[in-house]
Amino acid sequence: MSSRAPLAADPPLRCDPARLAEPGREEGWPPPPHDPRERELALVVAGWEVRLFVGRKFEYFVARGFWHLQLWHPEARVSVLTPSRLTRGLYEAYPIANWKAQAPDYDKLATLLGGLFAAKLPERSAVLRLERALVTEVVRGSGGVLS
């Protein structure tokens with residue numbers, strides 16, 4: 001059985017910021033793969049940072065179909081990973097009920113995050129353009145595996 005929070009008709013529980021930190025980890029940062037400090041800032045869209053791996057991590061992730069981008073909202077401290085083999089082809093958000101939750105498409109992701117955080121996702125068209133330009137086209141151009 002998966003430890004991931006399932007999608008449900010009821011809204012997920014609000015995150016308890018006091019529980020975000022684990023012993024031995026810096027206060028308040030999400031665990032990998034949601035820690036934004038692991039990636040470089042590429043651009044900012046509607047208050048969300050678009051973050052990507054660089055260097056050897058870039059090479060590793062692209063070649064194996066794990067390539068994705070991270071949307072990170074620094075004020076709300078919310079992370080969203082776009083679909084890849086890493087997330088089994090689903091969007092993944094953190095923190096939802098103090099852990100990760102997945103959504104099969106943008107609309108369900110927006111519903112999942114809606115009302116929980118002050119940070120509203122960038123518009124659907126903007127997210128899909130970012131995914132196409134920074135994920136799909138990068139993987140296709142590198143000869144890597146498409147997710």
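I looked up the bridge partner of Gln70 in β4 and found Leu81. The model is predicted; I took local features only at pLDDT of at least 70 and side-chain atom pairs only at pLDDT 80 or more, while totals for chains, interfaces and linings use all residues. Numbering runs from 1 along each chain as its sequence is written, and side-chain values use heavy atoms, with hydrogens and water left out.

Gln70 itself is found in strand β3. Strands (E, at least two residues) and helices (H or I, at least four) are DSSP runs, numbered from the N terminus.

Next I checked burial, taking buried as under 20% relative accessible area, exposed as over 50% and partly exposed as in between, with a 1.4 Å probe and protein chains only. Gln70 has a relative accessible area of 0%, so I logged this residue as buried. Along β3 (residues 70-73), Gln70 and Trp72 point one way, Leu71 and His73 the other, and all are buried.

I then listed the surroundings of Gln70, with contact meaning heavy atoms within 4.5 Å. Leaving aside neighbours within four places in sequence, the contacts of Gln70 include Pro33, His34, Asp35, Pro36 and Arg39. The side chains of Gln70 and Arg39 are joined by a polar contact of 3.4 Å. Such a contact is a pair of N or O atoms within 3.5 Å; within protein, one must be able to donate a hydrogen and the other to accept it, and residues adjacent in sequence count only if both atoms are side-chain atoms.

For pairing, I required at least two DSSP bridges between two strands. β2 (residues 48-52) runs antiparallel to β3, with three bridges. β3 and β4 (residues 78-81) are also antiparallel, over four bridges. Their hairpin has four residues between the strands, and there Arg77 takes a positive phi near 60°.

I traced the whole sheet: six strands, open, antiparallel, in the order β1-β2-β3-β4-β5-β6. β1 (40-45) and β6 (99-103) are the edges; each has a single partner strand, so one side of each lacks a neighbour in the sheet. Neighbouring strands are turned by 25° against each other on average, direction ignored.

Last, I checked helix α3 (residues 124-142), which packs on the sheet and touches β1, β2, β3 and β5. Its direction makes about 150° with that of β1. Axes are lines fitted to C-alpha atoms, for helices over the stretch in contact, and angles run from 0 to 180 degrees between N-to-C directions.
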